[in-house]
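Reader: Hello! Could you walk me through this structure, one question at a time?

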Amino acid sequence: MAAAMASQGERAVLEEEFKWLLQEEVHAVLRQLQDILKEASHRFALPTSGSGGAVKQENFVLSTSGTDQVKGVMTLQGDALCQADVNLKMPRNNQLLHFAFREDKQWKLQQIQDARNHVNQAIYLLMNRDVNYQFKTGLEVLKLMDAVMLQLSRARNRLTTPATLTLPEIASSGLTKMFTPTLPPDILVNFYINLNKLCLTVYQLHMLQPSTTKNFKPAGGSVLHNPGAMFEFGSQRYEVSHVHKVECVVPWLNDALVFFTVSLQLCQQLKDKISVFSSYWNYRPY
């Protein structure tokens with residue numbers, strides 16, 4: 001009898017603890033998550049104080065230590081490259097090529113746009129309830145955390161996993177038509193985000209003659225193609241002769257990745273606390 005009463009008493013304590021968790025701690029964590037993710041969202045928007053919400057422009061110099069084959073100066077405005085100036089030193093004859101964006105052109109960085117959209121969707125999930133709403137079950141909270149974590153994981157993955165592209169896809173992208181003077185046919189360029197870095201890759205190409213004895217094997221999709229990669233575009237076959245990758249850190253992207261990590265940890269910690277209750281005497285608060 002005493003053991004049974006003790007068990008009932010312990011269960012009552014658990015129920016009170018779980019009730020407090022649902023009514024108090026869950027809401028405290030949700031408010032904390034909202035604050036963190038609003039900071040992350042502000043990083044993507046980059047509003048300039050006193051400018052009515054205008055997005056400020058930031059200049060970045062892209063280079064690689066120890067070489068000056070390629071240098072680029074990029075102007076980033078939110079999720080768009082609004083200016084790009086690239087100098088390329090040709091290895092064969094040290095000829096210096098210079099090309100820049102046309103004044104009427106901007107290049108959207110879809111990775112940044114998508115990441116921001118996922119962050120805003122996570123904020124919507126956290127705020128999409130009445131201010132006095134009370135969670136009734138642990139399962140309800142777990143489902144919410146899973147949904148928020150899915151959006152945060154997608155946001156992080158958009159920045160950490162650049163798209164794999166074939167060389168014909170790069171050659172046919174709108175990016176090739178944005179420069180003045182026009183890019184020569186033996187030059188390809190690609191911009192992308194990798195973690196907290198803005199990256200520029202320049203491919204120098206060698207045109208393969210129809211009479212070449214080389215075994216032609218078209219390259220598949222990749223983030224970064226290596227010298228020797230072959231492809232066909234516009235009835236002409238090419239081989240990559242040189243690859244130049246330059247990059248620079250974008251500080252606010254680094255901030256955003258930190259916010260994602262902290263938020264994912266908070267979500268997981270809350271999930272773990274709720275799950276702990278199911279391990280006591282088969283007590284299932286769901």
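Predicted model: local features only at pLDDT ≥ 70, side-chain atom pairs only at ≥ 80, totals over all residues.

Reader: How far apart are the C-alpha atoms of Leu-144 and Leu-125?

Author: Leu-125 is one of the residues in contact with Leu-144. Along the chain the two are 19 residues apart. Their C-alpha atoms are separated by 7.5 Å.

Reader: Is Leu-144 buried or exposed?

Author: Leu-144 sits in helix 3. A residue counts as buried under 20% relative accessible area. Leu-144 has a value of 9%, so it is buried.

Reader: Which residues of helix 3 are buried?

Author: Leu-144 belongs to that group.

Reader: What is the distance between the end C-alpha atoms of helix 3, and what span should it have?

Author: Helix 3 covers residues 138-160, which is 23 residues. At 1.5 Å a residue, these should span 33 Å. That agrees with the model, where the end C-alpha atoms are 32 Å apart.

Reader: Let's turn to the strands. Is Gln-77 buried, partly exposed or exposed?

Author: Gln-77 lies in strand 2, residues 67-77. Buried requires under 20% relative accessible area and exposed requires over 50%. At 23%, Gln-77 therefore counts as partly exposed.

Reader: How far is Gln-77 from Gln-106 in space, C-alpha to C-alpha?

Author: Gln-77 touches several residues beyond its neighbours within four places in sequence, namely Val-55, Lys-56, Gln-57, Cys-82 and Gln-106. Gln-77 and Gln-106 are 29 residues apart in sequence. C-alpha to C-alpha, the pair is separated by 9.6 Å.

Reader: Which residue of strand 4 is the bridge partner of Lys-89?

Author: Strand 3 (residues 80-89) pairs with strand 4 (residues 96-101) in the antiparallel sense, over five bridges. In strand 4, the partner of Lys-89 is Leu-96.

Reader: And which residue of strand 5 is the bridge partner of Ala-80?

Author: Strand 3 is also joined to strand 5 (residues 107-108), by two bridges, and these strands run antiparallel. In strand 5, the partner of Ala-80 is Lys-108.

Reader: How far from Cys-199 is the nearest cysteine sulfur?

Author: The structure holds zero disulfides, and a disulfide would need two cysteine sulfur atoms within 2.5 Å. For Cys-199, the nearest cysteine sulfur is that of Cys-248, and the distance is 8.2 Å.

Reader: What share of the contacts in the chain with a separation of 6 or more is between residues 24 or more positions apart?

Author: The chain has five helices and 10 strands, and 42% of its 286 residues count as buried. Among the contacts with a separation of 6 or more, residues 24 or more positions apart account for 65%.

Reader: Last one: how many contacts beyond near neighbours in sequence does the stretch 281-286 have in the model?

Author: The average pLDDT of the chain is 86, and 88% of the residues score at least 70. Residues 1-6 stay under 50 and have zero contacts beyond four places in sequence. Over residues 281-286 the pLDDT is also below 50, and the number of contacts beyond near neighbours in sequence is 22.

Key. Residues numbered from 1 in each chain as written. Heavy atoms only, no water. Pairing = 2+ DSSP bridges. Helix = DSSP H or I, 4+ residues; strand = E, 2+ residues; numbered from the N terminus. Buried < 20%, exposed > 50% of the residue type's maximum accessible area, 1.4 Å probe, protein only. Contact = heavy atoms within 4.5 Å. pLDDT = per-residue confidence, 0-100. Expected span 1.5 Å × (residues − 1).
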